[in-house]
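Please examine the structure shown below together with its sequence.

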Amino acid sequence: MNTRDETTVAERPVHADGDLSYEVIIGCEIHCELKTATKAFCSCENRYGGMPNTRVCPVCLGLPGAMPIPGREYVELGAVAGYALGCGINAYTKFDRKHYFYPDLVKGYQITQYDIPLCHDGVVMINLAAADEAPRLKKVRVERIHLEEDVGKSLHVEGAHSYIDFNRSGVPLIEIVSRPDMSSPEEAALFMQTVREILRYIGATDGNLEEGAMRCDANLNLRIRAEGKEWRTPISEIKNMNSFKAIREACAYEIRRQLAEFRSDRQNYTAGFKRTMGWDEAAGETVVQRTKNSFIDYRFVVEPDIRPIVLGEDFLAEARARVGELPAAKRDRFRAEYGLSDFDVNTLTADRELAEWFERAAKASSDPKKAANWVLAEVLAVVNETGSALGELKIGPGHIAGLVNALSKGSITSKQAKEVFQAMLETGDQAEAVIAARGMSQVSDSGEISRIVDEVISENPAALEDFRKGKTNVVGWLTGQVMKKSKGRANPAMAAELVQKRLAERG
Ligand SMILES: [Zn+2]
């Protein structure tokens, strides 16, 4: 049953702009590096950075006679990504060569997949709602996902030389091609964000945007109604954006640019004509890199050095099993199982490690909601302040569970809990050990609290007099004195109740 509010492409919003109206059409292509131990077709280590040209071999340098062999993990992670993005997998698939010239492309061609991609026809649900709202989902169709390899990296020293680092040459990539289902810059950024979240969840990529592990190209044009006619502007492809902000700003700029261009020349869409653009972040504008008037002939041929791949039932079953619980499903479950708010659920599931950390704390504690509050308010604050990862903290989910359980049993006050938390962080000791070592156990023995209450009342006759005159606010003040006298160890609820009771008896 799906009770969610889903919008589809049929409901593309229409914007007015002076005497014309327009709709925005965006499709995305995302290149994503896979987190395998080795490169796609050789056994060189797949890792970012390092001394240039130290992780290379005859295969990824494209030396004559070197034979590429696709790694199992490369193909498997591609299939896992496909299942996670709702795709079907082609059990029979093959590699092809795409020819073009570029200095960082050693072989003069790139190994990719042309007519039989590994994955086809997927779906990504993007959430248009704010973090504190119930999900409002929109479906974005994925046309295909294919395997390919990354190229080297050029480094230009202005006015001097250009260097090429081939450490990236042959790094395994998948290219995710969406249908043009997005209708705003925000939706395009959300698509990239959602795909990144899912692929990080399944461990297919570390998704590091600064290191270029994920790059997005956006194809954008407008459907314009003016003078009683309908027009479509030529498509612009904005290349290689590696931040959500860049996608939002570049697409927004390009919409304004295409509108202005349409007003001046009424250019209409023709198949095969496409502008390739870059996004100049500093200038805040898109820049034309080249205009393709006809389809570029990449002279695709079947890669003769790699046999077609036939994926068996076992391979596919294993890939499917590796997907696990995806972020959206986890959010639904957290909401239902732990009764958390949308905002809390969204924060806790934004990262798989955090979600699993919280869940272990919740399962070991008597009050999952309280455990969520401790993780969200205290644990995350420490993570943010210190810039450390969850795994680097001295405390684990068991510590939070122990703390929550001590609070629920009433053996410590919430003020003492903060102190216990701090001590756990510093020493790594469990809550029970800290409480015992500091003699903190809260006093819930009514006899002992009564004794303190009697002492406090007899030491403050003026307060009793005030109470007799009808000043009920002395109850709070006297309770405060009881807490002080017990060094914060009295159960506050019991203290308040007993103060009230004694005053009533003597009043
Ligand atoms: Zn190599």
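The model is a predicted one. Its chain is divided into domain 1 (5-295), domain 2 (325-437) and domain 3 (446-506). Between the C-alpha centres of domain 1 and domain 2 the distance is 37 Å.

Two packed helices are described by the angle between their axes and the distance between the axes. For helix 2 (residues 185-201) and helix 3 (residues 244-265), the angle is about 155° and the axes are 8 Å apart. Because angles over 145 degrees count as roughly antiparallel, helix 2 is described as roughly antiparallel to helix 3. The crossing of helix 2 past helix 3 is right-handed. Helix 2 contributes P185, E186, A188, A189, M192 and Q193 to the contact, while helix 3 contributes F244, I247, R248, C251 and A252. The residues of this contact between helix 2 and helix 3 comprise 8 nonpolar, 1 polar and 2 charged.

A second pair is formed by helix 13 (residues 461-468) and helix 14 (residues 474-485), which pack at an angle of about 155° with their axes 10 Å apart. This angle makes helix 13 roughly antiparallel to helix 14. Here helix 13 passes helix 14 in a left-handed crossing. A463, D466 and F467 of helix 13 meet V474, W477 and L478 of helix 14. The contact of helix 13 with helix 14 has 5 nonpolar residues, 1 charged residue and no polar residue.

Is V404 buried or exposed? V404 lies in helix 9 (residues 397-409). The residue is buried because 26 other C-beta atoms lie within 10 Å, and the cut-off for burial is 20 or more. Beyond its neighbours within four places in sequence, V404 is in contact with S365, S366, D367, K370, A371 and W374. V404 and A362 are 42 residues apart in sequence, yet 9.4 Å apart in space, C-alpha to C-alpha.

E11 is placed in the loop between strand 1 (5-7) and strand 2 (15-17). With 9 C-beta neighbours inside 10 Å, E11 counts as exposed. From E11 to T36 there are 25 residues in sequence and 40 Å in space, C-alpha to C-alpha.

Most residues other than glycine have a negative phi. N53, although not a glycine, has a positive phi of about 60°. N53 belongs to the loop between strand 3 (20-33) and helix 1 (72-84). It counts as partly exposed because it has 14 C-beta neighbours inside 10 Å. E227 likewise has a positive phi, of about 50°, although it is not a glycine. The loop that holds E227 runs between strand 13 (214-226) and strand 14 (229-232). E227 is exposed, with 10 other C-beta atoms within 10 Å.

Conventions
Residues are numbered from 1 along each chain as its sequence is written. This is a predicted model: local features need pLDDT of at least 70, side-chain atom pairs count only at pLDDT 80 or more; totals for chains, interfaces and linings use all residues. Helices (H or I, at least four residues) and strands (E, at least two) are DSSP runs, numbered from the N terminus. A residue is buried if 20 or more other C-beta atoms lie within 10 Å of its own, exposed if 12 or fewer, and partly exposed in between; C-beta atoms are placed from the backbone. Axes are lines fitted to C-alpha atoms, for helices over the stretch in contact, and angles run from 0 to 180 degrees between N-to-C directions. Angles under 35 degrees count as roughly parallel, over 145 as roughly antiparallel, 65 to 115 as roughly perpendicular and the rest as oblique. A crossing is left-handed if the near helix is turned anticlockwise from the far one by less than a right angle, and right-handed if clockwise. Two residues are in contact if their C-beta atoms, placed from the backbone, lie within 7 Å. Ala, Val, Leu, Ile, Met, Phe, Trp, Tyr, Cys and Pro count as nonpolar, Asp, Glu, Lys and Arg as charged, and the others, Gly among them, as polar. Domain bounds come from an automatic or database domain assignment.
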